[in-house]
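Please examine the sequence and the structure shown here before reading the briefing that follows.

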Amino acid sequence: MPQPSRKQQQMMMRQLQEAQKMQEELEAKLQAEVIEASAGGGMVKVKISGALALQSIEIDPEAVDPDDVELLQDMVLAAVNEAIRAASERSAQAQQQLQASLLGPLAGQLGGLGL
């Protein structure tokens, strides 16, 4: 198996550093995003950050029925779980896009090395 030249090693190192920088930028962008989800026809709305931190819960006063607290609890739970699912899906999609954009150039470099 041929050893990579110094120039190839330097180029791969730069690409890895660039990939790390892109990963850090992606993580910062995702952390700043806010995902909103609702349940009960919009009677309960939640906002969650890309870091999966619950930021707010809004409850329509009409959703508050002292005789049916369980329904409100279910709507809050459903909205929070949907927000978490949406934030996780967004993060996974962004990671896949980043990997696809990075693997193209790296695959060419590794292929040229016989790897």
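How many Å should the 27 residues of helix 1 (residues 6-32) span at 1.5 Å a residue? The expected span, 1.5 Å times one less than the number of residues, is 39 Å, and the end C-alpha atoms of helix 1 are 39 Å apart, which agrees. This is a predicted model, in which local features need pLDDT of at least 70, side-chain atom pairs count only at pLDDT 80 or more, and totals for chains, interfaces and linings use all residues. Residues are numbered from 1 along each chain as its sequence is written, and side-chain values use heavy atoms, with hydrogens and water left out.

**Overall organisation**
- The protein has 2 helices and 3 strands; helices (H or I, at least four residues) and strands (E, at least two) are DSSP runs, numbered from the N terminus.
- Along the sequence, these elements follow the pattern α-β-β-β-α.

**Burial**
- Of the 115 residues of the protein, 23% count as buried, meaning under 20% relative accessible area with a 1.4 Å probe, protein chains only.
- In helix 1, the buried residues are M12, Q15, A19, L26 and L30.

- The 3 strands form an open sheet in the order 1-2-3, with antiparallel pairing; two strands pair if DSSP finds at least two bridges between them.
- Strand 1 (34-39) and strand 3 (54-59) are the edge strands, each pairing on one side only.
- Strand 2 (residues 44-49) pairs with strand 3 in the antiparallel sense over 5 bridges.
- Opposite V46 stands I57 in strand 3.

How values were computed:
Buried means under 20% relative accessible area, exposed over 50%, partly exposed in between (1.4 Å probe, protein chains only).
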